[in-house]
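User: Good morning. May we go through this model together, starting with its interior?

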Amino acid sequence: MTPGRLPAVGAAAALVAALAACAGPVAGPAPAGTDAGPTGPVVVLAAASLTDVLATVAADLEAEHPGLEVSTSLGASSTLAAQVVAGAPADVLVTASGTTMATVTDALGGAPVVVARNTLQIAVPAGNPAGVTGLTDLADPDLTVALCDPSVPCGAVAAQVLASAGVVAAPDTLEQDARATLTKVRLGEVDAALVYRTDVLAAGPDVEGLDVPAEHRVATDYLALALPDAPHPAAARAVVAHLRSPAGAAALRAAGFGTP
């Protein structure tokens, strides 16, 4: 061994040590459970009246965030809220009722935000064969009438509208959500129903809508909540953020919803 090389080797070793110190610790894999961002699958439970617009929102989100897989389950807000409180696996809940959403936040916490608004219309089959003209016709025993069950948001709002107009309706069927009520109209099984105006628009030429007089209208707020225990919290936040974004608001307005 050449004695003159020792200082050089020592200097090189010192340099390596110094560089290692500057570089800091080597990054290892992310800790288990760390959320890497808006990736999926992400499960959205939402009021049935959002069926069509959520298909658009899901497609937009998946295009914006490759790897995100949006699954939706639609139904009555009260049913979905009960499922969430009971522990059903979900990331986002969107209800058509503040009261219904409160049952979830009271149990689980969280801060929902308003993402859309809606109002009811009188829906009749194309051509309005029964000649329905207004809310008072919903009390006519000679007509076949469908309403949402009072236990679900569209039924609760319908009750407020009818009470405001002093009408005691005579429904022949009470349905579990707005879409089921609309289906009765679209198939010609009833002469009239009270459903959201967005449902009337979604039905196309099969259904016509008659406006509820302005003095009897009741607005419905839709609230979205990224659930506190969401399995995919970053993806849940991305869904809610999109609903509140200009692109999400545009999709909602195109479907007939109002936006905050």
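User: How much space lies in the largest cavity?

Analyst: The largest cavity holds about 70 Å³ of space. A cavity is a set of points on a 1 Å grid over the protein atoms alone, where a 1.4 Å probe fits but cannot get out; its volume is the space filled by probe spheres on those points, joined across faces, edges and corners. Please note that this is a predicted model, in which local features need pLDDT of at least 70 and side-chain atom pairs pLDDT 80 or more, while totals for chains, interfaces and linings use all residues. Residues are numbered from 1 along each chain, and side-chain values use heavy atoms, without hydrogens or water.

User: And how many cavities of 30 Å³ or more are there in the whole structure?

Analyst: The search finds 3 of them.

User: Which residues lie nearest the centre of the largest one?

Analyst: They are Ala48, Ala76, Ser77, Asp177 and Ala178, out of 14 lining residues (those with an atom within 4 Å of a point). The lining consists of 9 nonpolar, 4 polar and 1 charged residues. Here Ala, Val, Leu, Ile, Met, Phe, Trp, Tyr, Cys and Pro are nonpolar, Asp, Glu, Lys and Arg charged, and the others, including Gly, polar.

User: What happens at the start of H6?

Analyst: A side-chain oxygen of aspartate 177 comes within 3.0 Å of the backbone nitrogen of arginine 179. After H6 comes glycine 188, with a positive phi near 75 degrees.

User: Which side chain does arginine 179 join in a polar contact of 2.3 Å?

Analyst: The partner is the side chain of aspartate 52. A polar contact is a pair of N or O atoms within 3.5 Å; within protein, one must be able to donate a hydrogen and the other to accept it, and residues adjacent in sequence count only if both atoms are side-chain atoms. Aspartate 52 belongs to helix H2, residues 51-64, and at 39% relative accessibility it counts as partly exposed. Beyond its neighbours within four places in sequence, aspartate 52 is in contact with Arg179 and Ala202, where contact means heavy atoms within 4.5 Å.

User: Moving to H3, which of its residues are buried?

Analyst: In helix H3, residues 77-85, they are Ser77, Leu80, Ala81 and Val84. Seen down the axis of H3, these buried residues fall within an arc of 100 degrees, so they line one face of the helix. Among the elements covering them are strand S1 (42-47), strand S2 (70-75) and helix H4 (98-108). Just after H3, glycine 87 takes a positive phi of about 105 degrees.

User: Is alanine 236 buried or exposed?

Analyst: Alanine 236 is buried, at 0% relative accessibility. This residue lies in helix H8, residues 233-244. Not counting residues up to four places away in sequence, alanine 236 touches Val42, Asp91, Val92, Ala226 and Ala230. Alanine 236 and valine 42 are 194 residues apart in sequence, yet 6.7 Å apart in space, C-alpha to C-alpha.

User: Finally, how many helices and strands does the chain have?

Analyst: The protein chain has 9 helices and 10 strands. Of its 260 residues, 42% count as buried. Among contacts with a separation of 6 or more, 79% join residues 24 or more positions apart.

Definitions and conventions: Helices (H or I, at least four residues) and strands (E, at least two) are DSSP runs, numbered from the N terminus. On a 1 Å grid over the protein atoms alone, a cavity is a set of points where a 1.4 Å probe fits but cannot get out, and a pocket is an open set with protein on both sides within 12 Å along at least five of seven lines; lining residues have an atom within 4 Å of a point. Buried means under 20% relative accessible area, exposed over 50%, partly exposed in between (1.4 Å probe, protein chains only). The arc is that of the directions from the helix axis to the C-beta atoms.
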